[in-house]
Amino acid sequence: MGKVWFVGAGPGDPELITVKGRDLIARAGAILYAGSLVSTATMRWAPAGCEIADSKDMALEQISAWLIEKAAGHETVVRLQTGDPTLYGALIEMVQPLDAAGVEVGVVPGVSSAMASAAAAVESLTLPEVTQTVILTRIEGRTPMPEGESLQELAQHHCTLCVFLSITLLHKVKEELLAAGWPADAPVLVVHKASWPDEEKIIRGTLADIRDKCRAEKVTSQAMIIISPTLGARQWPTLKKSKLYDAAFTHRFRRAVRVEGEKHE
Ligand code: SAH
């Protein structure tokens with residue numbers, strides 16, 4: 001019996017897979033990748049003779065059956081997932097049947113689209129004295145949100161919100177943020193196909209106009225919505241600097257420099 005590895009393929013750019021993920025692909029006997037969300041260019045590292053299949057038309061039971069069958073014949077089987085496998089990836093639903101079949105499982109993290117979207121737009125999700133917290137969430141659609149996790153409730157923290165799976169529900173995103181006290185001119189960033197070569201679109205707007213801007217750009221899928229008090233900080237004239245690089249701040253790797261006339265703890 002071989003081992004099934006759930007590997008984060010990253011957000012789209014094949015170069016954003018981890019070295020560990022690429023090495024597993026390079027020695028895989030079989031690879032099952034998640035259809036339109038994982039670039040087929042990632043398969044360029046697969047060895048000759050590797051069995052490669054797309055899971056786009058498979059139900060969960062078929063995916064599990066495929067993985068169990070291939071693990072019987074190959075030492076290394078890879079299930080390639082978009083972004084990071086632990087976020088909205090049905091990971092546990094796929095792991096349980098493997099556990100039941102006695103197949104060993106491993107998970108390799110990936111670059112999530114939330115991180116890739118911030119990177120594409122050169123934005124920081126945290127800033128000193130602005131926000132130090134990031135919430136990864138989605139809005140309620142067909143999947144109900146557990147109690148206490150409506151976007152309106154989460155938005156009351158006024159921290160960074162990375163909203164997955166919600167690009168067709170921008171009107172609801174707007175309603176819930178306004179109800180949580182965000183102003184209509186609060187900046188919003190939408191990134192479509194972050195990191196996909198030649199396909200990425202970066203759309204900047206406000207709660208009031210982001211929906212129209214996305215419509216105009218025909219962005220209706222594979223998009224990350226980021227709402228944050230840090231957006232646009234690259235253009236701010238003054239910033240509170242991070243303590244990490246502050247000359248007056250001692251940490252494990254660096255001793256504080258005593259600045260003439262200033263007192264430090
Ligand atoms: N595990 C994935 C998320 C899967 S859910 C991750 O870590 O990124 C699918 C949702 O992720 C999409 O609806 C979209 O909101 C987001 N997404 C996935 N790939 C994306 C990309 N390249 N650019 C922007 N958003 C993306």
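This is a predicted model: local features need pLDDT of at least 70, side-chain atom pairs count only at pLDDT 80 or more; totals for chains, interfaces and linings use all residues.
Local features need pLDDT of at least 70 and side-chain atom pairs count only at pLDDT 80 or more, while totals for chains, interfaces and linings use all residues. Residues are numbered from 1 along each chain as its sequence is written, and side-chain values use heavy atoms, with hydrogens and water left out.

The shell around the ligand (residues with a heavy atom within 4 Å) holds 18 residues, the closest being Asp84, Leu87, Ser113, Ala194 and Ala223. Because domain 1 (3-108) and domain 2 (113-235) both contribute to this shell, the ligand lies between them; the bounds come from an automatic or database domain assignment.

Polar contacts are pairs of N or O atoms within 3.5 Å. A nitrogen atom of the ligand lies 2.9 Å from a backbone N or O atom of proline 11, and a backbone N or O atom of aspartate 84 is likewise 2.9 Å from a ligand nitrogen atom. For leucine 165, a polar backbone atom is 3.0 Å from an oxygen atom of the ligand. Of the 540 Å² of accessible area that the ligand has on its own, the protein covers 94% (Shrake-Rupley method, 1.4 Å probe).

Key: A polar contact is a pair of N or O atoms within 3.5 Å; within protein, one must be able to donate a hydrogen and the other to accept it, and residues adjacent in sequence count only if both atoms are side-chain atoms.
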